[in-house]
Amino acid sequence: LEKRSAFFASVRNFFQKRDCLEVQVPILQSGANLDHGIEVMQSTTQDYLITSPEHYLKRLLCDGAKDCFSISPCFRAHESSRKHNPEFYMLEWYRLGLNEKQLAEETITLIKSITGKSPETEWITYRDAFLQTCDMDPFTASTDALKQLLPDAPTEDRHELLDLLMIEKIETDFDQNTITVLHEYPANQAAQARCTSDSHGNPIAHRFEIYYAGMELANGYWECTDAADIRQRMQNENPHQHKLDEDYLSALEHGLPDCAGVALGLDRLFMIQQGFDDIKDVIAFPN
């Protein structure tokens with residue numbers, strides 16, 4: 001507990017030195033955070049428990065806030081394993097005027113500073129990771145070809161097959177002693193990142209994920225500022241017809257400034273700092 005307290009203090013000190021304002025956000029939200037592969041929790045009041053502080057922080061940016069961060073408890077249903085706890089602590093921060101690669105560099109600096117480790121860093125595109133590990137291009141491979149690599153997969157959905165290949169084949173191939181930055185995701189996995197095309201003409205998202213010590217630590221974007229586009233994406237990721245967060249969407253309509261944001265799992269980072277293998281060993285009251 002003493003080490004965890006000192007750990008959180010060091011994270012706050014990192015941002016205080018960089019003139020980044022700490023803010024507190026509610027854990028209840030009138031509409032759901034909607035992202036592929038994440039199941040939300042609903043409270044008895046019909047509000048939703050946040051899966052990240054994203055919506056609240058971007059609402060503040062729309063209202064004129066400067067660079068800011070939040071350390072917040074977050075909640076995701078059906079997530080319990082050696083690396084998952086249904087309730088966990090998320091660090092999320094936003095930088096005005098930065099793109100995703102600049103923010104990834106700051107995230108790497110944070111990881112090294114907080115853990116006291118100095119691993120090498122590898123940058124690899126989503127496409128190159130699949131070519132390197134599975135010998136296939138994820139942008140052009142057929143669904144049948146994806147299925148052949150996962151013959152027991154309980155799905156025929158192309159998007160879900162790519163997700164499973166990422167978890168079962170790609171992530172496990174990353175060097176655990178190297179910080180790996182995976183970037184240039186397919187546009188259909190953009191979440192709320194802005195989209196363009198890569199050098200091969202493939203539609204890509206300006207999104208990155210950072211892996212270290214066998215775990216995904218951070219997920220960040222160069223943010224999409226088109227409110228209508230974000231509304232459509234949220235509707236597309238809402239098969240269970242959860243309420244949309246209209247307060248958030250209304251704020252986006254007033255204008256989100258050019259910025260990049262990233263979310264990082266603090267319990268996992270603390271595991272790495274202290275050398276633990278199970279998230280339940282670093283939480284006082286695990287679920």
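Which residue in S4 is the bridge partner of Gln-42? In this predicted model, the bridge partner of Gln-42 is Tyr-48, a residue of S4.

**The sheet**

Strand S4 covers residues 48-49, and two bridges join this strand to S3. S3 and S4 run antiparallel. Both belong to an open sheet of three strands, in the order S2-S4-S3, and the pairing in this sheet is antiparallel. Its edge strands are S2, at 28-29, and S3, at 41-42, and each of these pairs on one side only.

**Aromatic pairs**

Ring centres within 6.5 Å of each other make a pair. By this rule there are nine aromatic pairs. One of them joins Phe-7 and Phe-8: the ring centres are 5.6 Å apart and the planes stand at 80°, so this pair is edge-to-face. The cut-off behind that label is a plane angle over 60 degrees. Are Phe-7 and Phe-8 buried or exposed? Both Phe-7 and Phe-8 are buried. The two residues also belong to a cluster linked by ring pairs, together with Tyr-89 and Phe-270.

**Charges over rings**

The charged end of Arg-18 sits over the ring of Phe-14, and Arg-194 lies over the face of Trp-222. The table gives the distance to the ring centre for each.

| Charged residue | Ring | Distance to ring centre |
|---|---|---|
| Arg-18 | Phe-14 | 3.6 Å |
| Arg-194 | Trp-222 | 4.0 Å |

Key: Residues numbered from 1 in each chain as written. Predicted model: local features only at pLDDT ≥ 70, side-chain atom pairs only at ≥ 80, totals over all residues. Heavy atoms only, no water. Phe/Tyr/Trp six-rings, centres within 6.5 Å; stacked < 30°, edge-to-face > 60°. Buried < 20%, exposed > 50% of the residue type's maximum accessible area, 1.4 Å probe, protein only. Lys NZ or Arg CZ within 6 Å of the ring centre and 35° of its normal. Pairing = 2+ DSSP bridges. Helix = DSSP H or I, 4+ residues; strand = E, 2+ residues; numbered from the N terminus.
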